[in-house]
Amino acid sequence: MSFWDRIKPTTRPVSATEAALSPDGTRLDLTWEDGAKTSASAQLLRQQCPCAGCVDEWTNKRTLDPARVPADLRITQVQPVGNYALSFVFSDGHGTGIYPWKLLRDLTPAQG
């Protein structure tokens, strides 16, 4: 146990061990270190973008209208952010959101 683990008594959230885009970029599939497999559409991820352009920083109210995100939206790039998150570039040009593992786990339902 490191020094930081001892002074920060929080549990580390589960993280993904694999992230794969569908061939057409419309779906993200995640495999988690606890063995769970989850999935989300590009549309859902874009609708839930946590960036300051999509969520008011002061009120935490969503400013992006989810109905304006097209169903055929695609993810064109996936990038890791440190060891705690992923970022995406979407086919509408948006790419400023950082999606921590906890948010991705909450947004992606487990596959049966």
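This is a predicted model: local features need pLDDT of at least 70, side-chain atom pairs count only at pLDDT 80 or more; totals for chains, interfaces and linings use all residues.
Local features here need pLDDT of at least 70 and side-chain atom pairs count only at pLDDT 80 or more, while totals for chains, interfaces and linings use all residues. Residues are numbered from 1 along each chain as its sequence is written, and side-chain values use heavy atoms, with hydrogens and water left out.

**View 1. The open sheet runs in the order β4-β5-β6.** Its 3 strands pair in antiparallel fashion; strands are DSSP runs (E, at least two residues), numbered from the N terminus. At the edges sit β4 (75-81) and β6 (98-100), each with a single partner strand, so one side of each has no neighbour in the sheet. On average, neighbouring strands are turned by 30° against each other, direction ignored (axes are lines fitted to C-alpha atoms).

**View 2. Here β5 meets β6.** Strand β5 covers residues 85-90 and pairs with β6 in the antiparallel sense over 3 bridges; two strands count as paired if DSSP finds at least two bridges between them. Look for Leu86, whose bridge partner in β6 is Tyr99.

View 3. Cys49 is in none, and its nearest cysteine sulfur, that of Cys51, is 3.7 Å away. For Cys54, the closest cysteine sulfur is in Cys51, at 3.7 Å, which is too far for a bond. Cys49 is buried, with a relative accessible area of 0%, and Cys54 is buried too, at 2% (buried means under 20% relative accessible area, with a 1.4 Å probe and protein chains only).

Notes. Helices (H or I, at least four residues) and strands (E, at least two) are DSSP runs, numbered from the N terminus. Axes are lines fitted to C-alpha atoms, for helices over the stretch in contact, and angles run from 0 to 180 degrees between N-to-C directions. A disulfide is a pair of cysteine sulfur atoms within 2.5 Å. Buried means under 20% relative accessible area, exposed over 50%, partly exposed in between (1.4 Å probe, protein chains only).
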